Amino acid sequence: MSHAHTPRPLTSHRSGPFAGRLRVPGDKSISHRALMFGALSTGRTRITGLLEAEDVVNTARALTALGAPARKTGDVWEVLGRGVGGLTEPSAPLDFGNSGTGTRLMTGVVAGQPITVTMTGDASLSRRPMGRVLKPLKQMGLQVLDGDNDTLPLTIRGSSELVPITYALPVASAQLKSAILIAALAAAGETTVTGEETRDHTERMLQFFGAKVRTQRHGNQVAITVTGEAELKGGDVVVPGDPSSAAFLAAAALISPGSEIHIDGVLTNPTRIGFYDTLREMGADVTFQNERSEGGEPVADLRVRTSRLKGVRVPPERAPSMIDEYPILAVLAAFAEGETLMEGLAELKVKESDRLAATAAGLVANGVAARVEGDTLIVVGAGPRGVKGGGRVVTHMDHRIAMSFLIMGLASDAPVTIDDATFIATSFKEFRPLMESLGAKFEG
Ligand code: S3P
């Protein structure tokens, strides 16, 4: 996407009932990692079901510019690996568009290569904190040659002689954890990261590619150790459906009377499904059917039926397992009966937008009583009265704010308009056609 673009407003109208059986595109987190670990391996990596959204395409382009070509042949993406330390200096800045995951994980990749790289991104990404990643990587030997040590653009230089570290994560961030674990592959010795448990795709996939990874658990705290001077070997990766994308479809079915939808092949990794656990506590009829394992990750077919939802308290310790689902959960809470309290949401302030503020503002614009108290989001559900809608929502270059409020408009009394649908393509360009195939009405 070009950085200057013309906003494309989009309106959703009350529609449904929603019915059908479909799949959602591949998981974004796993897609980024499959490409990067393929590049750090020897031999070829073949990826089936890779998410072909802008965020991931930017990662594929960046790796190609670093000398590890990633391209699609037939239905499969192939990465030609260069091995840990084998990437080459790109001739131009790497543009990560809107993607925090692409940028932060790639900082870990570059850390272990003796090359200089400039990283850039769009206006949203250029506001997001990178200092959290640079701090531990600088302890390992990464140099920041140009930039303010926190936000893009940044010019960094990696090293072939990284030092292993032990690092306590100051925030529950899988991106930060992963950047350190990826850099650790190139360090001379064992690197350990400790902190609250977050999505574990890096650990699972690095092991699959042949790295030595050890995880120790104490309650919801984990200590993960990676052995350095690793030799990764390329292989075949199957990417399951993204549970964060499926969340929008599931939400539409829950709040539109008479709906039943089936979403096949969705990732059900326990570190990713806090949203579905919360839905069940709210009284939602959501079941995981045909549970199985695909490519080292648990997968199921989801069945979702319209449900009368009730407000709940979502505890802060659940946040890491549903961090991207709070905007859509808040929309569901607006339709529920009673109050929903979502606690421990400080990290939402530094996503593609300040999602805490953007979600509350979108709700209020549509006649829902919502407020932020510290790091807590409180939504007073309309219950049988129904949600008014009729508002215009400012999306702040944030795909998940855009999709959440379009879902709201599918079940509210008056249509909901978002100011810009452009950024939906960063993670889920099939969102509109898939929703339309279930019966949704959009205009714009
Ligand atoms: C991701 C981690 C999360 C999440 C993002 C994807 C990942 O970010 O919000 O969409 O793939 O590691 P944080 O690590 O910043 O919480």
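This is a predicted model: local features need pLDDT of at least 70, side-chain atom pairs count only at pLDDT 80 or more; totals for chains, interfaces and linings use all residues.
In which loop is Lys388 found?

**Figure 1. Lys388 sits in a loop between two strands.** To settle the opening question, the loop is the one between strand S23 (376-382) and strand S24 (392-393). Is Lys388 buried or exposed? Lys388 counts as exposed because its relative accessibility is 55%, and the cut-off for that class is over 50%. Leaving aside residues up to four places away in sequence, Lys388 touches Asn366, Gly367, Ser412, Asp413 and Ala414.

**Figure 2. Helix H1 is mostly covered.** Welcome to residues 28-39, the 12 residues that make up H1. From the first C-alpha to the last, H1 reaches 17 Å, close to the 16 Å expected at 1.5 Å a residue. As for burial, 12 of its 12 residues are buried. Among them are Lys28, His32 and Arg33, along with Ile30, Leu35, Met36 and Phe37. Do look at the start of the helix too: there, a side-chain oxygen of Asp27 comes to within 3.2 Å of the backbone nitrogen of Ser29.

**Figure 3. Two domains divide the protein.** Domain 1 is written in two segments, 10-26 + 240-443, while domain 2 covers 28-238. The contact between them draws on 29 residues from domain 1 and 29 residues from domain 2. If you pick out the C-alpha centres of the two domains, you will find them 29 Å apart. The size of an interface is often given as the accessible area lost when the parts come together. For domain 1 and domain 2, the area buried between them is about 2,400 Å², with 48% of it on carbon and sulfur atoms.

**Figure 4. Salt bridges and polar contacts link domain 1 and domain 2.** How many salt bridges are counted between the two domains? The count is 4. A handy close-up is the salt bridge in which the side chains of Glu297 and Arg204 meet, at 3.8 Å from N to O. On the side of domain 1 that touches domain 2, the elements giving two or more residues are strand S19 (297-305) and helix H11 (399-409). Across this interface, 15 residue pairs are found in polar contact, with both residues at pLDDT 80 or more.

Conventions. Residues are numbered from 1 along each chain as its sequence is written. Side-chain values use heavy atoms; hydrogens and water are left out. Helices (H or I, at least four residues) and strands (E, at least two) are DSSP runs, numbered from the N terminus. The expected span of a helix is 1.5 Å times one less than its number of residues. Buried means under 20% relative accessible area, exposed over 50%, partly exposed in between (1.4 Å probe, protein chains only). A polar contact is a pair of N or O atoms within 3.5 Å; within protein, one must be able to donate a hydrogen and the other to accept it, and residues adjacent in sequence count only if both atoms are side-chain atoms. Domain bounds come from an automatic or database domain assignment. Contact means heavy atoms within 4.5 Å. Buried area is the accessible area (1.4 Å probe) that two parts lose on being put together, summed over both.
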